[in-house]
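Please look over the structure shown below before reading on.

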Amino acid sequence: MSAPLSGLEPTARPPRPSALSNALTFGWRAVLKFRHVPEQLFDLIMTPLMFTLLFTFVFGGALAGSTGDYLQFFLPGILVQTVAFNAVYSGMNLSTDLGKGLFDRFRSLPIWPLAPFAGLIVGDVLRHLIAGGIILGIGLILGYRPEAGLPGVIAAFALLLTIGFGIGWVFIVLGLLIRTPTTVMTLGFTVLFPVVFASNIMVQPETMPDWLRAFVAVNPVSLMTTAMRGLMAGTASLSQIALALIAPVLLTAALAPLTLRLYQRR
Amino acid sequence: MPDGRTQTDAAPHADAAAPAIRARGLVKRFGDVDAVAGIDLDVPRGMIFAILGPNGAGKTTLMRMLATLTPPDDGTAEVMGHDLTAAPDAVRGAIAMTGQFASLDEDLTGRENLIFLARLWGFGRRAARDRADALFAAFELADARHRQVKDYSGGMRRRLDIAASLIVTPGVLFLDEPTTGLDPTARQRVWRMIRQLAQSGVTVLLTTQYLEEADQLAERIAVIDRGRKIAEGTSRELKAATGSGVLHVTLAEADPLDRAAALLEARLEAPVQRSPEGARLSVMATTAEAANGAIAALLADGVPLEDFAMGSPSLEEVFFALTGGAPQSEDAA
């Protein structure tokens with residue numbers, strides 16, 4: 001009988017890689033996943049695509065006078081909704097990974113403890129870029145025109161990624177806390193649907209009752225949408241952008257350390 | 001960022017003579033339950049050491065503590081000379097763990113999984129690829145390296161999982177139930193690989209609920225039940241401590257069953273279980289010699305035998321014997 005492990009040299013540990021190198025390796029894994037599981041894009045695109053088409057053609061005329069005017073109003077907001085929903089899927093993926101033994105392997109390796117999450121975030125950024133790009137592309141085909149041109153779109157996407165980064169922590173924490181991936185999804189959408197609808201993404205809040213209008217005015221999703229519209233149209237003020245960044249910055253500051261604690265405690 | 005190496009360098013450096021594992025009074029509580037209720041463990045280097053116990057005995061929790069995945073609530077332990085709580089990163093640098101559930105990314109190919117882990121260890125691109133390919137060849141998986149892991153069979157997955165633990169040759173390899181759920185051929189193959197790893201100098205600590213597995217592989221066995229170590233020793237020592245094996249005798253015809261039973265009972269001084277339907281008798285035998293003598297006595301008396309076999313005591317019998325009364329073995333080391 002042959003010796004199956006013959007020829008396997010004992011191998012010593014190479015010099016410890018940097019935290020950045022660890023994070024990039026996890027990012028590489030996220031890219032590979034896209035190559036092997038391209039169908040995950042379907043999950044990411046379908047909801048925002050349906051929203052875009054339904055709202056534009058069914059409600060658009062009634063809400064804004066014409067479908068073209070409505071699309072012009074609606075598209076920057078649907079991008080915000082897209083990254084928010086994307087973040088739910090990322091939390092779901094994390095919960096799935098944790099349910100298998102994969103993270104035990106990571107945790108028994110001498111690596112930067114936050115590297116797996118850096119990898120998740122790289123994956124998120126890719127997802128946001130791809131999904132956002134496709135929705136924008138469909139918008140352009142349907143007649144959407146960003147007044148600020150390419151620089152406006154680039155600035156808006158930079159803000160969009162920051163928003164996605166901030167919201168991402170919420171679902172990383174949920175993914176760490178909740179063992180069943182479908183519960184992460186249900187809970188995520190239960191929270192997100194009211195927050196997304198009770199905002200200025202779909203309609204101007206003028207006709208809403210006072211109490212709801214008060215909520216819409218301070219809803220972070222509204223602030224983000226206002227800034228996105230401004231950047232795409234070239235009318236954004238610094239204060240609008242600052243307001244849009246409040247929630248992502250606070251979420252990151254509060255939840256990134258919590259993530260590390262939860263992860264190490266598991 | 002905490003760096004484990006600076007911590008180890010500050011401590012007296014892990015000397016080569018330190019045992020692979022030295023644990024004292026390890027405790028892990030989950031709520032009111034003591035999953036691990038004070039376990040001492042000494043595992044010398046280069047040995048295959050088995051932790052044997054039923055489901056829920058605390059085997060996995062003990063292993064997870066030693067692999068830095070779960071902090072102990074009490075007690076101390078050193079792995080390859082590094083303190084578990086003071087220098088967990090140094091411990092991680094000296095160990096590898098293959099858990100009960102495949103710790104692989106199923107969407108990636110087998111090769112991508114190994115390259116990914118090699119890159120995390122700090123191998124360069126090229127070195128990572130070379131190491132992955134060497135492991136695939138050594139684990140007889142080369143044909144499958146470009147397939148996604150989700151298309152691997154259970155045995156292949158298990159082998160890849162163990163290969164993933166050998167990217168850097170670990171001082172201690174933890175294997176949590178390495179063959180649970182495998183068919184006999186795949187099990188044999190995994191056993192063969194574990195033996196060769198130990199021959200190459202890797203200390204292997206494995207958990208198992210199969211007496212046979214511990215018997216086949218391990219030089220020493222610790223028997224764990226309800227969070228406590230109830231016995232430790234070589235497989236032979238444990239069997240001697242638990243008393244015996246079981247001699248099963250099948251007669252060619254049922255007629256002389258009573259005569260044969262009386263003979264065995266006199267010879268082995270133990271009660272004989274009879275199953276007249278199959279003309280079978282079972283009796284505890286303290287040693288193989290005693291069993292041999294009993295068989296010879298049966299043949300000398302002209303009892304027609306169809307078959308006889310000496311069976312190992314089952315895990316249940318071992319536990320019964322150990323929990324029943326062998327308290328002196330509790331501190332055996």
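Helices (H or I, at least four residues) and strands (E, at least two) are DSSP runs, numbered from the N terminus. This is a predicted model, in which local features need pLDDT of at least 70 and side-chain atom pairs count only at pLDDT 80 or more, while totals for chains, interfaces and linings use all residues. Residues are numbered from 1 along each chain as its sequence is written, chains are lettered from A and ligands numbered from 1 in the order in which they are written, and side-chain values use heavy atoms, with hydrogens and water left out.

**Annotated segments of chain A**
- An unreviewed UniProt entry places the feature "transmembrane region" at residues 41-64, 70-89, 109-142, 154-177, 184-203 and 241-263 of chain A; such annotations may be inferred rather than shown by experiment, feature names are shortened, and positions follow the numbering used here.
- Residues 109-142 of chain A are 82% helix and 0% strand, with end C-alpha atoms 50 Å apart.
- Residues 241-263 of chain A are 100% helix and 0% strand, with end C-alpha atoms 32 Å apart.

**Chain B**
- Chain B has 12 helices and 14 strands.
- Of its 333 residues, 54% count as buried, where buried means under 20% relative accessible area, exposed over 50% and partly exposed in between (1.4 Å probe, protein chains only).
- Among contacts (heavy atoms within 4.5 Å) in chain B between residues at least 6 apart in sequence, 69% join residues at least 24 apart.
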